[in-house]
Amino acid sequence: SGGESSMQNSLSGFDALRIDLRRKRRHYTRIDNFVNKYIKMTLQWGSLAVMVYRSEQQISKLDIPVLSFLLLALFRLLCAPVKLATDCRISPQADIDRGLVLHNFAGIELDPRRAGTNLTVNQNVCIGADYYKRGKPVLGNNVFVGAGAKILGEIEIGNNVVIAANSVVLSSIPDNCSVVGIPAKIVSRGVTSDYLSFD
C-alpha cells in the first residue's frame with residue numbers, strides 16, 4: 001500500500017502547484033466560465049493555502065542555505081496573514097505529491113510522512129502524528145478525506161480510498177475502500193466513488 005513513489009523530488013513546487021490548480025478547476029468548478037474557473041478557484045482560501053505550502057517548499061530547496069533561510073523568514077512573515085485567515089497549516093516538511101486540493105478551508109492540519117497524487121481534503125481535517133507521536137501516516141494515490149476526519153499515527157492508507165466525514169482512522173486501510181466511524185471501519189470495497197475525481 002502507500003501507492004506509487006512520490007514525484008515530489010522530480011517536480012518543483014511550482015510545477016506541482018500548476019497541477020494542483022488544474023485539478024481543482026477541472027473537477028470542482030460548479031459554473032464553468034472564466035471568472036469562476038480561473039479567478040475564483042485560484043483565489044479561494046484553500047487554493048491560497050496550497051500556494052503557500054508549495055512556495056515554502058520551493059524556497060527551502062534552494063542550494064544556497066543562507067539565502068534560503070532569509071527568504072523563508074521573509075516569506076513566512078508575509079504569509080502569516082494568509083495562514084491566519086485560512087486556518088490551514090500544511091507542514092513544509094510534508095511530502096505531498098501533485099494534485100492536492102483543499103476543497104474547503106479552515107481547521108486543516110496536514111503533516112503526513114508522504115501522500116500520493118490527487119489528495120482531496122475538506123475542512124477540519126487533521127492528518128499527522130497521533131497522541132504518542134510515534135509516527136505519521138503514509139497515504140496512497142486518489143484519497144478523499146471528508147470534513148472533520150482524522151488520520152493519525154504510523155499507518156498506511158491505500159490507493160482509491162474514501163474516508164467519510166468525522167471518521168477517525170487509527171489503523172491501516174487497504175486499496176479501494178470506503179471507511180466510516182470512530183474508529184473507522186471499512187463499509188465498502190471496490191470503490192468507484194464520485195468523490196474520487198482525478199485526472
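**Close-up 1. The salt bridge between Arg89 and Asp87.** Arg89 forms a salt bridge with Asp87, and their closest N and O atoms are 2.9 Å apart; a salt bridge is here a side-chain nitrogen of Lys or Arg within 4 Å of a carboxyl oxygen of Asp or Glu. The model is predicted, so that local features need pLDDT of at least 70 and side-chain atom pairs count only at pLDDT 80 or more, while totals for chains, interfaces and linings use all residues. Residues are numbered from 1 along each chain as its sequence is written, and side-chain values use heavy atoms, with hydrogens and water left out. Arg89 counts as partly exposed because its relative accessibility is 36%, and Asp87 falls in that class at 28%; buried means under 20% relative accessible area, exposed means over 50%, and partly exposed lies in between (1.4 Å probe, protein chains only). A network of salt bridges links Asp87, Arg89 and Glu109.

Close-up 2. The structure holds eight salt bridges, and one of them joins Asp20 to Arg54, with the closest N and O atoms 2.7 Å apart. This pair links distant parts of the chain, since Asp20 lies in helix H1 and Arg54 in helix H3, 34 residues apart; helices (H or I, at least four residues) and strands (E, at least two) are DSSP runs, numbered from the N terminus. Both Asp20 and Arg54 are buried. Side chains of opposite charge can pair when their charged atoms come close.

Close-up 3. Helix H1 covers residues 13–28, and its 16 residues should span 22 Å at 1.5 Å a residue, which agrees with the 22 Å between its end C-alpha atoms; the expected span is 1.5 Å times one less than the number of residues. The buried residues of H1 include Gly13, Ala16, Leu17, Ile19, Asp20 and Leu21, and also Arg23, Lys24, Arg25 and Tyr28. The buried residues of H1 pack against H2, helix H3 (45–60), strand S3 (101–102) and strand S6 (120–121), where contact means heavy atoms within 4.5 Å.

**Close-up 4. The nonpolar surface patch that includes Phe34.** Phe34, Val35, Tyr38, Ile39 and Leu43 make a nonpolar surface patch of about 510 Å². Patches are made of residues with over 30% relative accessible area and no salt bridge, like charges being joined within 9 Å and nonpolar side chains (Val, Leu, Ile, Met, Phe, Trp, Tyr) within 5 Å, and accessible areas come from the Shrake-Rupley method with a 1.4 Å probe, for which only the protein chains shown count as cover for residues. Phe34 belongs to helix H2 (residues 34–43) and is exposed, with a relative accessible area of 56%.

**Close-up 5. The salt bridge between Asp32 and Lys37.** Asp32 forms a salt bridge with Lys37, in which the closest N and O atoms are 3.7 Å apart. Asp32 is exposed, with a relative accessible area of 59%, whereas Lys37 counts as partly exposed at 21% relative accessibility.

**Close-up 6. The open sheet of six strands.** The sheet has the order S3-S6-S9-S12-S14-S15, with mixed pairing; two strands pair if DSSP finds at least two bridges between them. S3 and strand S15 (185–189) stand at the edges with a single partner strand each, so one side of each is left without a neighbour in the sheet. S6 and strand S9 (residues 143–145) run parallel and are joined by two bridges, and Val121 stands opposite Val145 in S9.

Close-up 7. Most residues other than glycine have a negative phi, and most peptide bonds are trans. Asn118, although not a glycine, has a positive phi of about 60°; Asn118 lies in the loop between strand S5 (114–115) and S6 and counts as buried at 10% relative accessibility. Asn142 also has a positive phi of about 60° without being a glycine, is placed in the loop between strand S8 (138–139) and S9, and is buried, with a relative accessible area of 12%. The peptide bond from Ile182 to Pro183 is cis, with omega near -10°, and Pro183 lies in the loop between strand S14 (177–180) and S15.
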